[in-house]
Amino acid sequence: MLEKLSPILPSGDIPASERFYAALGFETIYIDADYLLMKREGAEIHFFLKAGHDPHQNDHGAYLRPSDIEAFSAEVERLGLPRTGMPRFHPVEAKAWNMRECALLDPDGNLIRAGQEN
């Protein structure tokens, strides 16, 4: 039945989005002036160019389910992203709803939350 769901997120700058996600290990599958498709293992992410995009007014996001949340969090942490501003990263922590989660806010204000059940 359902095998995959891939988010389609706004980008104010397609080449900048490509550089940011390439640093996270994503490979470009398709790019043109208005659209970007990147993939890493089973995760696929799409971006559309949104003229005049304001990252501070963005309410788009996606939830990622890595097989090892600790390793994924450590990998993103090595990028040295700050804890405030944009982009930013909050490392993995235990949540009350029986999950371990981390959160990444990209330069366009897209929230990528990643989690694994305890």
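## Helix α2 and its buried face

In this predicted model, helix α2 spans residues 69–77, and its buried residues are Ile69, Phe72, Ser73 and Val76. Looking down the axis of α2, you will find these buried residues within an arc of 100°, so they line one face of the helix.

What do the buried residues of α2 pack against? Their partners are the strands β3 (35–40), β5 (61–64), β6 (88–95), β7 (99–105) and β8 (111–117).

## Either side of the helix

At the start of α2, have a look at aspartate 68: one of its side-chain oxygens comes to within 3.2 Å of the backbone nitrogen of glutamate 70.

The peptide bond that joins methionine 86 to proline 87 is cis, with omega at about 0°.

## Two loop residues with positive phi

Glutamate 41 sits in the loop between β3 and β4 (43–49). Although glutamate 41 is not a glycine, its phi is positive, at about 50°. Is this residue, glutamate 41, buried or exposed? Its relative accessibility is 66%, and because the cut-off for exposed is over 50%, glutamate 41 counts as exposed.

Asparagine 98 belongs to the loop between β6 and β7. Its phi is near 65°, again a positive value in a residue other than glycine. With 46% relative accessibility, asparagine 98 counts as partly exposed.

Definitions and conventions. Residues are numbered from 1 along each chain as its sequence is written. This is a predicted model: local features need pLDDT of at least 70, side-chain atom pairs count only at pLDDT 80 or more; totals for chains, interfaces and linings use all residues. Side-chain values use heavy atoms; hydrogens and water are left out. Buried means under 20% relative accessible area, exposed over 50%, partly exposed in between (1.4 Å probe, protein chains only). Helices (H or I, at least four residues) and strands (E, at least two) are DSSP runs, numbered from the N terminus. The arc is that of the directions from the helix axis to the C-beta atoms. Contact means heavy atoms within 4.5 Å. A polar contact is a pair of N or O atoms within 3.5 Å; within protein, one must be able to donate a hydrogen and the other to accept it, and residues adjacent in sequence count only if both atoms are side-chain atoms.
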